Amino acid sequence: MLAKKGSRGLLVDGENYRWKAYNKCGHLLVAVQKPESNGQMLIVTIAHDLWDMDQCDKAVGPVTPKLVMKLIKFGLEKGWHPDSSNGNLELECPAGFHENL
């Protein structure tokens, strides 16, 4: 379960989610899960060439609620079932995905 500490809440289409962004040396990972749930977690990787990063040990950003909302909708379209107890769904962010945010 995605811990409440260090994660943020977001309401998307009437559903509550929690999310957290991680910097994994050249990649931005955004993890999303329904709160108080052991349901399937969505983990989306955004490659370094799609994100403005100077060094892998520096914080990335900004990861905005608008971007996370778009990632949640992308995950649902790609088969993410947040109420399912199946393992995590890991997706790669397509090129140009976060443009115009």
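Trainee: How many residues does the largest nonpolar core have?
Mentor: The largest nonpolar core has 20 residues. Keep in mind that the model is predicted.
Trainee: Which residues have the most contacts inside it?
Mentor: V30, V32, L42, V63, V68, I72 and W80 have the most contacts within that core.
Trainee: Which of them gives the most?
Mentor: That is α1, which gives five residues to this core. As background, nonpolar side chains in soluble globular proteins tend to be buried together.
Trainee: Take V68. What is V68 in contact with, neighbours within four places in sequence aside?
Mentor: L10, W19, V30, V32 and V63.

Trainee: How much of the chain counts as buried?
Mentor: 42% of the 101 residues. The accessible surface is about 6100 Å², and carbon and sulfur atoms hold 47% of that surface.

Trainee: Now the hairpin. In which sense do β1 and β2 pair?
Mentor: Antiparallel, over five bridges. One of the bridge partners to look at is N16 in β2, which pairs with L11.
Trainee: How many residues sit between the strands of that hairpin?
Mentor: Two residues lie between β1 and β2, and D13 in this hairpin takes a positive phi near 50°.
Trainee: Is D13 buried or exposed?
Mentor: D13 has 65% relative accessibility, so it counts as exposed.
Trainee: What about E36, what is its phi?
Mentor: About 55°, again positive in a residue that is not a glycine. E36 is in the loop between β3 and β4, and its 72% relative accessibility means that E36 counts as exposed.

Trainee: Switching to aromatics. How many aromatic pairs does a search of the whole structure find?
Mentor: One. The pair is Y17 with W80: the ring centres are 5.6 Å apart and the planes are at 40°, so the pair is tilted.
Trainee: Where in the chain are Y17 and W80?
Mentor: Y17 is in strand β2 and W80 is in the loop between α1 and β5, 63 residues apart, so the pair links distant parts of the chain.
Trainee: Are those two buried or exposed?
Mentor: Y17 counts as buried at 4% relative accessibility. W80 counts as buried too, at 1%.

Trainee: Last one, T45. Where does T45 lie?
Mentor: T45 lies in strand β4. T45 has a relative accessible area of 13%, so it is buried, the cut-off being under 20%.
Trainee: What is T45 in contact with, leaving aside neighbours within four places in sequence?
Mentor: T45 is in contact with H27, L28 and L29, and also with L91, E92 and C93.

Note on methods. Residues numbered from 1 in each chain as written. Predicted model: local features only at pLDDT ≥ 70, side-chain atom pairs only at ≥ 80, totals over all residues. Heavy atoms only, no water. Core = buried A, V, L, I, M, F, W, Y, C linked by side-chain atoms within 4.5 Å. Buried < 20%, exposed > 50% of the residue type's maximum accessible area, 1.4 Å probe, protein only. Helix = DSSP H or I, 4+ residues; strand = E, 2+ residues; numbered from the N terminus. Contact = heavy atoms within 4.5 Å. Areas by Shrake-Rupley, 256 points an atom, 1.4 Å probe, with all protein chains shown as cover. Pairing = 2+ DSSP bridges. Phe/Tyr/Trp six-rings, centres within 6.5 Å; stacked < 30°, edge-to-face > 60°.
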